[in-house]
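The definitions are given where each term comes up.

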Amino acid sequence: MARGNFSRVTEFILLGLSDTQQLQLLFFTFFLLAYAMVLLGNLLIIAAVRTDPKLSSPMYFLLCHLSFIDICYTSVTAPRVLVALLSGHKAIAFEGCMAQLFFLHFVGSSEMFLLTVMAFDRYTAICRPLHYTAIMARGACWALVAACWVGGFIHSIVQTGLTLQLPFCGPNVIHSYFCDVLPVVQLACADTTLTEWLMASNSGLISLGCFLVLVASYALILANVRARLSQGHWKALSTCVSHVMVVILLFTPCIFTYLRPAGTLPSNKYICVIYTTFSPMMNPFIYTLRSNEVKESMWRLWKR
């Protein structure tokens, strides 16, 4: 049926990760366990930070928001994948596909901006300790978090708008397990070269820009710590190790995926699993294993 003046497609078919029955069972088990771990781990972090007065510093305030974003981010794709694997129903409505695309980029880009803010927090704590309390006051933290959400919203509106203005009138099979800009744009019944370059410069440059800022901030932190070897500085540096691990897990596949127009390289839907599921699943382990304060608070909360 016609959709306005530009689309006759009313639904898309998500092929998923595999058609093999045995592999589908394996993928269902993986996504179910991963989603359960994301929910349990991040909810425990949020509860620990909100209930323990010892975890009131800006670092844990930002960590609490990162956990909330990880829950939202994984919830955009995981429940839909689990239902499809369990029922075999692979169709998704046009509106549902666009909604998934919007929220995926909204929450995903907000997480990138938040990780950049967390790197700034660590840089300030280590390199500007005398000004840390004034710079990272609670009001400033709320303003930074709000800026991350606003930036993610603007980015996602641009991506979704570029996708919606394309005509979809023919093929509707998406070679992935969720709706994203690159596989969806490839189905458009028009020359999408300009749109693809605009999307690559949007998503790709945001990923690359945030990554370079993060690398630069951690390089400055390392240089500062090497110049001032003290127990306090090494303890602060140890928290940065977990941040770097999150950065590598999230940004490397995102840069590979988005910093190029669709069709320039074959897409790999298995790479998408890293930043949509594996990275949010590992975040609670990475942060709690590197922070004795969080581990102790979570243990006290668990015993209660």
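A salt bridge here is a side-chain nitrogen of Lys or Arg within 4 Å of a carboxyl oxygen of Asp or Glu. A search of the whole structure finds one salt bridge, and Arg122 forms it with Asp121, with the closest N and O atoms 3.0 Å apart. The model is predicted, so local features need pLDDT of at least 70 and side-chain atom pairs count only at pLDDT 80 or more, while totals for chains, interfaces and linings use all residues. Residues are numbered from 1 along each chain as its sequence is written, and side-chain values use heavy atoms, with hydrogens and water left out.

**Overall fold**

- The chain holds ten helices and three strands, where helices (H or I, at least four residues) and strands (E, at least two) are DSSP runs numbered from the N terminus.
- The order of elements from the N terminus is β-α-α-β-α-α-α-β-α-α-α-α-α.
- Of the 304 residues of the chain, 52% count as buried; buried means under 20% relative accessible area, exposed over 50%, and partly exposed in between (1.4 Å probe, protein chains only).

**Charge pairing**

- Side chains of opposite charge can pair when their charged atoms come close.

**Packing of H3 and H5**

- Helix H3 spans residues 94-127, and helix H5 spans residues 138-164.
- The axes of H3 and H5 come within 7 Å and cross at roughly 145°; axes are lines fitted to C-alpha atoms, for helices over the stretch in contact, and angles run from 0 to 180 degrees between N-to-C directions.
- The crossing of H3 and H5 is right-handed, a term used if the near helix is turned clockwise from the far one by less than a right angle, with anticlockwise giving left-handed.
- The residues of this contact of H3 with H5 divide into 16 nonpolar, ten polar and no charged. Ala, Val, Leu, Ile, Met, Phe, Trp, Tyr, Cys and Pro count as nonpolar, Asp, Glu, Lys and Arg as charged, and the others, Gly among them, as polar.

**Nonpolar surface patch**

- Val150, Phe153, Ile154, Ile157 and Val158 make a nonpolar surface patch of about 420 Å².
- Patches are made of residues with over 30% relative accessible area and no salt bridge, with like charges joined within 9 Å and nonpolar side chains (Val, Leu, Ile, Met, Phe, Trp, Tyr) within 5 Å.
- Accessible areas come from the Shrake-Rupley method with a 1.4 Å probe, and for residues only the protein chains shown count as cover.
- Phe153 lies in helix H5 and counts as partly exposed because its relative accessibility is 39%.

- Val107, in helix H3, is buried because its relative accessible area is 5%. Val107 and Asp70 are 37 residues apart in sequence and 8.3 Å apart in space, C-alpha to C-alpha.
- Gly108 is also placed in helix H3 and counts as buried at 9% relative accessibility.
- Val225 is found in helix H7 (residues 193-227) and counts as buried at 0% relative accessibility. Val225 and Ile126, 99 residues apart along the chain, have C-alpha atoms separated by 7.6 Å.
- Ala137 sits in the loop between helix H4 (132-135) and H5 and is partly exposed, with a relative accessible area of 31%. Ala137 and Ser57 are 80 residues apart along the chain, and their C-alpha atoms are separated by 9.3 Å.
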